[in-house]
Amino acid sequence: MKSIYYVGLFFFVAIFNLNAQQGKYQEAMKKSISELNEAKDIEALLTAANSFERISKVADKEWLPLYYQSFAQMQAAAGFMGSKQMDKCMQSVEKAQAVLKTALELAPNEAELYIMQAYVYQGYIWEDVQANGAKFTPMIFGVLERAIAMDADNPRAYLMKGQQTYFMPEFFGGGAKTALPLLEQAEEKYSKYTPASELHPNWGKDRAKALLAQARENN
Amino acid sequence: MVQSNDNEIIVGANVYNEGTFDGATSDINGYFHFKTSKSEEVNVLASYLGYEDFYRVIDNTKDSIFLQIILEESANELNTVVITAGAFEASDEKKAVLLKPLDIVTTAGATADLAGALNTLPGTQTVGEEGRLFVRGGDAYETQTFIDGLPVLKPYNSSVPNIPARNRFSPFLFKGTVFSTGGYSAEYGQALSSALLLNTQDLAPKSETSLSLMSVGLALGKTQRWDKSSLAVQADYSNLAPYMGLIDQDLKWYKAPESFGGQFIYRKQTSSTGILKVQGNLSRNILAMDYPSAEEVTITNRLDLSNTNAYINANYKEILGDKWTLFIGAGWNNNLDEIQQGFDLEERESSLQSKWKLLYTPNEDISIKVGGEYWHSNFNQQFLDKEGELYEIGFSNNYTALFNEVNWQISRNVVARIGNRISNTGIINEWTWAPRLSFAWKTGDKSQLSFAHGQFFQAPQNDFLRFERDLQSEQATHWIINWQRVTEGRTFRVEAYEKQYHNLITINPNENLALSNQGNGYARGIDLFFRDRTTIKNGDYWLSYSYLDAKRKYRDFPVKTAPNFVSRHNVSVVYKHWVNQLNTQFGLTYSYASPRWYDDPNTPTFNDRQTRAFQDLSFNASYLTRLFDQFTIVYVSVTNIAGFANSFGQRFSTNPNEDGLYTAIPIQPTAKRFAFIGVFISFESDK
């Protein structure tokens, strides 16, 4: 199955609250999140991932540093895959999964973590589409459905669902036609969404817009 | 700067002052720098996936400090040696495996039968009229099937001699299969030659409904997934009558094989590390055919066979604390066979098995396993002969075993495993001690050498225990050595073995058919396996070759000779190819087995007749599409497309005719080819 199953680097826009925040944790997180936003290459992504790792070791009850570390590793993995370094790509995917597992133990009812899990599962599919596609695809939808059940307004769940559907082969139920309603739903959710705090995830709006335009074109 | 112990620059390592946010990431040249607040000492930590953490306390008195960090590679699956002697593993979990579970299902010639697919691996002899697994010169009873560690009483459906049986379980049930051709762990017993270890799937990933429509029947299944548990239920029905109506069969069927059954699979994740599995199946199959009578094979009578089988297995696994893993499981099997052909035979076998196991891992180099098993089985046979005489025989048996095993990773390149199994078979009042030993060395970056040796015992079969209790277990001593090289996409493996059999059951015709353990035998040979998944784009193939030299004196053999299930050369070539434009995977399998010996009672020499060599070329295709807007697989398979005329020898009458001659009929496949078509639809439950 050589159909294009994955997408390159995500682009996202973070919205900052420029009011001064107290607490070293808040400061460190904000700095690292901005590092992550501005990362233009794999080295910068790994630097951001490591910043979050250091924060997570000190603020060891927080799931957010682990979430972002996992996210940064997945972005790096996507970059490695783009430059055909599959072994480094899988190393990053494994790291992302290990870190996400710890985060889920801290916050087992956090929808964003299940959405990130879907992204990590995609990483495993990149490793060997033929061998892993059939196994991980239902797991991706399973985990996104759980995320939606926990938080029906989270736009990223719909973006991931739409994206996964868009790139899946047609006989698996994928393609531009079936993905379109999901992507439209994602855009709608984005327009109404505000994150719980300035540290909470807020990426994907531009990506959703771009994919929706692509889906409309190919319909 | 940061380097590995192999002098490679490490990019992306995290170097930091422990307990603070201060740190940096090593860049493309391995360099890092960061500032941290004033203090006397700094605890520097460096970490990178795949390497051991680096820790050093540094005096922080100077303004700037240069630190050279060397990271040690940590042990992982790919760089650490594992014991592979005598085992073929198919799993999704590990990377260094030779087969994936999907490989078993998509092998042509197997028609999704587990034993059929395993027959294309080295170490197996093709015995076409049987359909069961014959491993390295051993009889079919010498291979035991285990599901989640518990033995399965009747893994094959019931059949009559010379009509192949099929494995009862669908290969889709299992996430991992270890097919051991010898030298297996002390955790398993009561199998002289081989253990087939099947590990079932964990939680179902999502809810779905599935429908299977086949040329031989249909099946309907529903899987429901909740937050931490899942339940799958399936009902199936098959009837070969329509198929046999269309295609000429060489035998006359009064009632073509018909079967129906149901199964359930329940999974519950009891904690983040614990899982409870309960599964069961119930099936009934019936057939009636014109079958040669034993005394005079040229005369056929109607034979009716029905089988009812119930199986349930529950097991629980949990990780306790940091270093302990607990496993407990229990299974119950009940099987009833009813055969009528002028006589009326009813055979009922039931057994209860239980097992517990504790795994202790004090550090990452040593793991210690202890455990025990208790099996209780009942056997009851009622035979009403043609004259109306009723014979009844029954017995029960208690089998207890204790096992321990230590796995010691001596270094990245050497691993050793030592185990013991002590068991008691109640009905023959016998204790046995079976030590087992194996080790492996890494001989190169991608290659390793592995060795296994051990003792294996198996209690006499029920057919013999019926009549005689003063017997010992049969015994086999295994010596196995293998060398394998696994690279990205290619695997090569060569294995040599020697098995010595002792105390095989013998029947003495001169002493009124008295049973004793006077038999012995040997089996030795070499197996070769080569798999390539990269050379041909979208193509995957494997070649397997087995050379076997085996002789034994057992049962009613008057001399020590090759038994009729042994063939000197066995070859399998399996090829699979994915054609993107057609969304189809094609498969082709060629098998060859050299002639086997069988006995002609009309000649004075035993086992002096030879069958023809066996050949088969089978084809299958899986087409992925959508039907009713649901994911669908259309599967087609045909065995023996080249139309080889295979013959498995002759079957002789047990009684001579009036001229003193034992008449015979040829043993042949029931039909030249078997064609199958199936449509498997998976319905999205929630969309």
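Predicted model: local features only at pLDDT ≥ 70, side-chain atom pairs only at ≥ 80, totals over all residues.
Let me begin with the largest cavity, where helix α4(A) gives the largest share of the lining, namely four residues.

In chain A, at least two residues of the lining come from each of α2 (42–58), α3 (64–82) and α4 (86–106). If we sort the lining by class, we find seven polar residues, four nonpolar and three charged.

Let me now stay with two of those helices, α2(A) and α3(A). In general, a pair of packed helices is described by the angle between the two axes together with the distance between them. Here the axes of α2(A) and α3(A) lie 8 Å apart, and the angle is about 160°. Since an angle over 145 degrees counts as roughly antiparallel, α2(A) and α3(A) are therefore roughly antiparallel to each other. Their crossing is left-handed. On the α2(A) side, the residues that meet α3(A) are I42(A), L45(A), L46(A), A49(A), F52(A), E53(A), I55(A) and S56(A), and on the α3(A) side they are P65(A), L66(A), Y68(A), Q69(A), A72(A), Q73(A), Q75(A), A76(A), G79(A) and F80(A). This contact of α2(A) with α3(A) has twelve nonpolar residues, five polar and one charged.

Helix α6, residues 129–150, and helix α7, residues 155–167, both of chain A, have axes that come within 9 Å and cross at roughly 160°. So α6(A) and α7(A), too, are roughly antiparallel to each other, and α6(A) passes α7(A) in a left-handed crossing. From α6(A), the contact uses T137(A), I140(A), F141(A), L144(A), E145(A), A147(A) and I148(A), while α7(A) brings A157(A), Y158(A), M160(A), K161(A), Q164(A) and T165(A). By class, the contact of α6(A) with α7(A) has eight nonpolar, three polar and two charged residues.

Technical notes:
Residues numbered from 1 in each chain as written. Chains lettered and ligands numbered in written order. Heavy atoms only, no water. Axes fitted to C-alpha atoms, helices over the stretch in contact; angles between N-to-C directions. Parallel < 35°, antiparallel > 145°, perpendicular 65-115°, else oblique. Left-handed = near helix turned anticlockwise from the far one by under 90°. Contact = heavy atoms within 4.5 Å. Nonpolar A, V, L, I, M, F, W, Y, C, P; charged D, E, K, R; others polar.
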